[in-house]
Amino acid sequence: MHHEVYLSEGDSQVAGVFVKKRARVIITDDLQVIPPLSAASISLFTKLGATNSNTTEELTFSIGVEQVLNLLVSSFVSKTPFTETLLKPNPVPKLGCVNFSQGKCIESQMSGASIDEEKENISVKLIVSKSKNVVCYAEVREDFVNLIYSFLTLPLGFILKQMLDSPWKGCIDQLCKGVLDFDEQFFKSNYHKELLCNPKLVPGFSYENNLLGIEEAVYYKFSGRKLTADRSIIPSMSLEALKAKFLDPKSQGDNDRNAKGFLYEPAIFTVTDNLDVRPVSPIFQLSVLNDLKVHFTDIEDRTVNVGKNEALRLLVASVVSDSVLTNAFLRKPKEPSIKQEQ
């Protein structure tokens, strides 16, 4: 038997999505969100040389789906996404590779982080070019493919939090930094700010042995057919008794207890340096070596273990590099420079 349930919108008296309705802010061209009529807003106009009305012009735009998508793409590759999207008729720049430097972002993310001892490390066999010191491809089991495929399920906010100090062509990282310091009076509630600061997975999108440490959102059923993840709006009673249970979409039904990931198991795959995943095939592996101009006498096997630290390196590398395995496993993070006192 099927019945419908409804997601609660929380306090209906406070309209809006994350921020309160009619809240007015200034958004700069590089996506900094600042209160109006503040020292920051005055400094902005001064920095841009807009000191009087003769140097500025007010324009009104209608924003639709196309503009929003262009703005999102531009925020990854441009420091001026509003200008690129609304004022320039040129095509939006395409996403591309940036110079990879991951040391500081991974180090700061992992500093003091507790490692979940219950999670099993994943063993990966790398096929490495000795002369070029690059990963040609890796031979892996389904657990590693589950890990890299899970990157597609992650909220953008979670990914950006792992990369606050990474190199960016664009400025979308400004949003992640800004929301942490944004005045709470503009948000509908602390819960709505928490949604942005610590986003969680949709129920059913996690899997067994998830090394990244992201949690699934927990929903609670109340008032008959309403669901919410905001516990503050639930009448005071036992929350555990109201916790909603979802059927794992990766399972084959209620009796399937083996929904461990996205793939059938066991299986062996070949994964290239840019994360092209194929069923294991000697012919494909030889074609990869030919494309890289690597002779089979120049390769060696290296086995690495992937834990939380390495999983985060893979995630960061998959966003900013097209040599993911090489950067995650063979490139050492750069040591922070120490300035000498004069």
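In this predicted model, Phe 269 stands opposite Pro 279 in strand β9, where two strands count as paired if DSSP finds at least two bridges between them. Residues are numbered from 1 along each chain as its sequence is written, and side-chain values use heavy atoms, with hydrogens and water left out. Because the model is predicted, local features need pLDDT of at least 70 and side-chain atom pairs count only at pLDDT 80 or more, while totals for chains, interfaces and linings use all residues.

Strands here are DSSP runs of E with at least two residues, and helices are runs of H or I with at least four, both numbered from the N terminus. Strand β8 pairs with β9 (residues 277–279) in the antiparallel sense over three bridges. The two form a hairpin with four residues between them, and in the turn Leu 275 has a positive phi of about 70 degrees. Towards β5 (residues 134–141), β8 is joined by five bridges, again antiparallel; there Phe 269 is the bridge partner of Val 140. Four of the five residues of β8 are buried, that is, under 20% relative accessible area, with exposed meaning over 50% and partly exposed in between (1.4 Å probe, protein chains only).

These strands belong to an open sheet of five, in the order β9-β8-β5-β4-β10, with antiparallel pairing. Strands β9 and β10 (299–306) stand at the edges with a single partner strand each, so one side of each is left without a neighbour in the sheet. From one strand to the next, the twist averages 30 degrees. Strand β4 (residues 122–129) runs antiparallel to β5 and is joined to it by five bridges, and Lys 125 stands opposite Glu 139 in β5. Helix α10 (residues 282–292) packs on the sheet, touching β5, β8, β9 and β10, and its direction makes about 165 degrees with that of β5. Contact means heavy atoms within 4.5 Å; axes are lines fitted to C-alpha atoms, for helices over the stretch in contact, and angles run from 0 to 180 degrees between N-to-C directions.

Arg 141 is found in strand β5. At 40% relative accessibility, Arg 141 counts as partly exposed. Leaving out residues up to four places away in sequence, Arg 141 touches Pro 266, Ala 267, Ile 268 and Phe 269.

What does the largest nonpolar core contain? This core has 38 residues, and those with the most contacts inside it are Val 124, Phe 144, Leu 147, Leu 154, Val 306, Leu 314 and Phe 329. A nonpolar core is a set of buried Ala, Val, Leu, Ile, Met, Phe, Trp, Tyr and Cys residues joined through side-chain atoms within 4.5 Å. At least two residues each come from β4, β5, α5 (142–150), α6 (156–161), β8, β10, α11 and α12 (324–329). Helix α11 supplies the largest share, seven residues. Another core, of seven residues, lies apart from it and includes Ile 127, Cys 136, Tyr 137 and Val 288.

Helix α11 (residues 308–320) has 13 residues and should span 18 Å at 1.5 Å a residue, which agrees with the 19 Å between its end C-alpha atoms; the expected span is 1.5 Å times one less than the number of residues. Among the buried residues of α11 are Ala 311, Leu 312, Leu 315 and Val 320. Leu 314 is also buried, and beyond four places in sequence it touches Phe 144, Leu 147, Phe 151, Val 306, Val 324, Leu 325, Ala 328 and Phe 329.

Elsewhere, Ala 244 lies in the loop between α9 (239–242) and β8. Ala 244 is partly exposed, with a relative accessible area of 23%. Apart from neighbours within four places in sequence, Ala 244 is in contact with Tyr 219, Tyr 220 and Leu 227.

Overall, the chain has twelve helices and ten strands, and 35% of its 342 residues count as buried. Its mean pLDDT (the predictor's confidence in each residue, from 0 to 100) is 77, with 73% of residues reaching 70 or more. Over residues 335–342, pLDDT stays under 50, and the model has one contact there beyond four places in sequence. Where pLDDT is low, the predicted coordinates should not be read in detail.
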